[in-house]
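Please consider the sequence and the structure shown below.

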Amino acid sequence: VALMIDGLFVHEHVMLVALGIDLDGKKHVLGVREGATENAVAVTELLSDLVDRGLPTSQPFLAVIDGGKALRKGLRATFGARAVVQRCQLHKRWNVSEQLPEAMRRAVETAMRQAYGSADAARAKRLLQNLARSLAKDHPSASASLLEGLDETLTVKRFGLPTWLERTLSTTNAI
């Protein structure tokens, strides 16, 4: 079971959306709640509603999230250690890029995309750590952003999934 949770802007409101992903990679809307990924109460209400409506909770499952602390808090409060976290690689690229001068963004995003595209999790981690080291002196905030939660951006890479399914599960991007 995989659960993807992200916030979407809809007519000046932020909506939390939980998607389930089946074995064929098809996404199914499981729940929607008004609130932000930064709002622990809204996240917990959404997750509790899913459980109340029959979401299986006895087995570990994959939860694909951005870096929002409220999402993690809600997952832990509702599911404990049964939620195995995959941090969104797209959000990670954006977060790192925002810490850089405009002239560097494309090259760093390309390097991150190539690392995440590696077939091997250990190699991807090495490439990303090397990139962080190269940024550390002149762009410490970008380096720190890249290293924060790094292992969780590589969770699905360790599963040995087909490329198309790994790509689907590596981001909260519903498209």
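The account begins with conventions, then turns to the nonpolar cores, the helix pair and the neighbouring helices.

The model is predicted, so local features are reported at pLDDT of at least 70 and side-chain atom pairs count only at pLDDT 80 or more, whereas totals for chains, interfaces and linings use all residues. Residues are numbered from 1 along each chain as its sequence is written, and side-chain values use heavy atoms, with hydrogens and water left out. Helices (H or I, at least four residues) and strands (E, at least two) are DSSP runs numbered from the N terminus.

The largest nonpolar core has 19 residues, and Leu-3, Ile-5, Leu-47, Leu-75 and Phe-79 are the ones that touch the most other members. A nonpolar core is here a set of buried Ala, Val, Leu, Ile, Met, Phe, Trp, Tyr and Cys residues joined through side-chain atoms within 4.5 Å. Buried means under 20% relative accessible area, exposed means over 50%, and partly exposed lies in between, with a 1.4 Å probe and protein chains only. Two or more residues of this core come from each of β1 (2-10), β2 (13-21), α1, β4 (61-65), α2 (69-79) and β5 (83-87). Helix α1 gives the largest share, 5 residues.

Leu-3 illustrates the packing in this region. Contact means heavy atoms within 4.5 Å. Not counting residues up to four places away in sequence, Leu-3 touches Ala-18, Leu-19, Leu-30, Leu-47, Leu-50, Phe-61, Leu-62, Ala-63 and Val-64. A second, separate core holds 15 residues, including Ala-115, Leu-128, Leu-135 and Leu-146.

Val-43 lies in helix α1, which spans residues 40-52, and counts as buried because its relative accessibility is 1%. The C-alpha atom of Val-43 is separated by 17 Å from that of Ala-81, 38 residues apart along the chain. Val-14 belongs to strand β2 and, with a relative accessible area of 23%, is partly exposed. Between the C-alpha atoms of Val-14 and Gly-149, 135 residues apart along the chain, the separation is 24 Å.

The next subject is a pair of helices. The axes of helix α4 (residues 102-116) and helix α5 (residues 121-136) come within 8 Å and cross at roughly 160 degrees. That angle makes α4 roughly antiparallel to α5. Axes are lines fitted to C-alpha atoms, for helices over the stretch in contact, and angles run from 0 to 180 degrees between N-to-C directions. Angles under 35 degrees count as roughly parallel, over 145 as roughly antiparallel, 65 to 115 as roughly perpendicular and the rest as oblique.

Where the two helices meet, α4 contributes Met-104, Val-108, Ala-111, Met-112, Ala-115 and Tyr-116, and α5 contributes Ala-124, Leu-127, Leu-128, Leu-131 and Leu-135. The residues of this contact divide into 11 nonpolar, no polar and no charged. In this classification, Ala, Val, Leu, Ile, Met, Phe, Trp, Tyr, Cys and Pro are nonpolar, Asp, Glu, Lys and Arg are charged, and the others, Gly among them, are polar. Leu-127, in helix α5, counts as partly exposed because its relative accessibility is 32%.

Helix α6 (residues 140-147) has Ala-142, Ser-143, Ser-145 and Leu-146 as its buried residues. They cover an arc of only 160 degrees around the axis, which puts them on the same side of α6; the arc is that of the directions from the helix axis to the C-beta atoms. These buried residues of α6 pack against α3 (89-97), α4 and α5. Ser-143 counts as buried at 6% relative accessibility and, leaving aside its neighbours within four places in sequence, is in contact with Ala-132, Leu-135 and Ala-136. Just after α6, Gly-149 takes a positive phi of about 70 degrees.

Helix α3 is mostly covered, with 7 of its 9 residues buried: Gln-89, Leu-90, His-91, Lys-92, Arg-93, Val-96 and Ser-97. Gln-89 has a relative accessible area of 9% and is therefore buried. Residues up to four places away in sequence aside, Gln-89 touches Tyr-116, Thr-153, Ser-170 and Thr-171. The C-alpha atoms of Gln-89 and Leu-150, 61 residues apart along the chain, are separated by 9.4 Å.
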